[in-house]
Amino acid sequence: MIKVKPSVQLALVGLAFILAVASCSATRTHTTDPVPWPVTSLHYASNGNFSQFGQYLPAAAGFNLADVDSSAKSSAKTELDSLPAGVRGLVWVGDCGGATAAFKSAVDAFAGDPKLFGFYVMDEPIPSTCPAQNLLAEDNWIHAHVPGAKTFAILENLGPAARPTFAGTYTPRDSGLDLIGLDPYPVRSELHQPDYAEIAKYVRLVEGIGWPQSSIVPVYQTFGGGGYPDDANGHWVLPTAAQERQMLTLWAAVVPHPQFDYAYSWGSQRGDTALSQSPALQAVFAEKHKSS
C-alpha cells in the first residue's frame, strides 16, 4: 500500500482520506478470503491409524476416513465398526488376483456396513503384473455384492518423475475403478526447489486417457527421508508447512472438489518421517479440514 502524506492546504481532506484508508485496511486485516485448497468432506491418511488400544489417531488432525486392513480378518470388521462417530473406513485389500474365493470372502464381510466408504483395491499396480481384467473382475464383484462401496487404486506413473507418463496404464473402462489417486511428490533432495508443476501435469495426463476430474483423488506428500530413494539419485524430503500449503493450493486449481483427499502417510513405513511425527504439517491439515 502507498502511504499518502496530505499537504497543509488539504489537511482536513487528507485527514478524512487517511481515516478512510485506515478503516479499509483494518477491515482487510481481520477479514481473510478462504484458502483455495481442495474442498471435500472426507480426508484419508494411510498407515498406522490405530493405537494399541484401538484409538483412531489421525482424528486429532481432522482426518475422518480410516485405513482399515482387511488382511487382519479377526479384527478388521471390529476396527471398522468401532470407528468414532463421523469417521468411515476405506478398507485395504491389496489383491490383484481377480475375483477369487479369497477375494470375495474378504470384501463380502463388509457388505451392508454403514461405516464402509469403499475398498482400496491396489496401490500403484502395473498392467504387466496386474492385468486390467483382474481389477475389472474385482471391481465388478464389489459393485454387485457391496452396493454403494467405492473402488480405489493409486495409478503408477510409468515414467520418471521428471517426465511422467500414464500411457498404457488403466482406464475407467478396462479397470472398473471408481476413483484413482495421483501421487506426484514434488519435494526431493536433488531439486533446487520443489517441482510443483508435476501436480497439474499428472492430472492432464490421466484426463487425456479418459479419467474424469471427478474420479481423481489428490495424494499429498507428507513424508520424507528413510528408505525411499527416488529415481534421480536423490530422496524425498518432508515438506515444510509453507511447501505443503503451496501443494494444496496447486491441487485446488486442478481438482477443486475431490470425493476424498489423501495424505501419504500418517505412519512411517521405511524409517521415514511421516505426518504423525510432524506437528507443523498436522497443523496445516487441521486448518484445512476445519475449513472444508
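**Figure 1. Secondary structure and surface of the protein chain.** The protein chain contains eight helices and eight strands, where helices (H or I, at least four residues) and strands (E, at least two) are DSSP runs numbered from the N terminus. This is a predicted model, in which local features need pLDDT of at least 70 and side-chain atom pairs count only at pLDDT 80 or more, whereas totals for chains, interfaces and linings use all residues. Residues are numbered from 1 along each chain as its sequence is written, and side-chain values use heavy atoms, with hydrogens and water left out. Of the 292 residues of the protein chain, 45% count as buried; buried means under 20% relative accessible area, exposed over 50%, and partly exposed in between (1.4 Å probe, protein chains only). The accessible surface of the protein chain is about 14100 Å², and carbon and sulfur atoms hold 57% of this area. Accessible areas come from the Shrake-Rupley method with a 1.4 Å probe; for residues, only the protein chains shown count as cover. Contact means heavy atoms within 4.5 Å. Among contacts between residues at least 6 apart in sequence, 72% join residues at least 24 apart.

**Figure 2. The buried side of helix α3.** Helix α3 spans residues 101–108, and its buried residues are F103, A106 and V107. These residues lie on the same side of α3, because they cover an arc of only 85° around the axis. The arc is that of the directions from the helix axis to the C-beta atoms.

Figure 3. A salt bridge is a side-chain nitrogen of Lys or Arg within 4 Å of a carboxyl oxygen of Asp or Glu. By this rule the count comes to seven salt bridges. One of these joins D81 to K77, with the closest N and O atoms 2.9 Å apart. D81 and K77 are four residues apart in helix α2 (residues 76–81), so about one helical turn separates them. D81 is partly exposed at a relative accessible area of 39%, and K77 is also partly exposed, at 30%. K77 forms a salt bridge with D113 as well, the closest N and O atoms being 2.8 Å apart. This pair links distant parts of the chain, 36 residues apart: D113 is in the loop between α3 and β4, and K77 is in helix α2. D113 is buried, with a relative accessible area of 9%.

Figure 4. D230 forms a salt bridge with R188, and their closest N and O atoms are 3.9 Å apart. The pair links distant parts of the chain, 42 residues apart: D230 sits in the loop between β7 (216–221) and α7 (241–254), and R188 in the loop between β6 (179–182) and α6. Both partners are buried: the relative accessible area is 11% for D230 and 6% for R188. A network of salt bridges links R188, E190, E198 and D230.

Figure 5. K201 is located in helix α6, which covers residues 197–208. Is K201 buried or partly exposed? K201 is partly exposed, with a relative accessible area of 27%. Leaving aside neighbours within four places in sequence, K201 is in contact with A162 and P164. T165 is 36 residues away from K201 along the chain, and the C-alpha atoms of the two are separated by 9.3 Å.

Figure 6. Q282 belongs to helix α8 (residues 279–291) and is buried, with a relative accessible area of 19%. A polar atom of the Q282 side chain lies 3.1 Å from the backbone oxygen of S276. Not counting residues up to four places away in sequence, Q282 touches A61, W266, L275, S276 and Q277.

Figure 7. T151 is part of strand β5 (residues 150–154). T151 is buried, and its relative accessible area is 0%. With residues up to four places away in sequence not counted, T151 touches F119, V121, D139, I142, H143, G176, L177, D178 and L179.

Note on methods: Polar contact = N/O pair within 3.5 Å; in protein donor to acceptor, adjacent residues only side chain to side chain.
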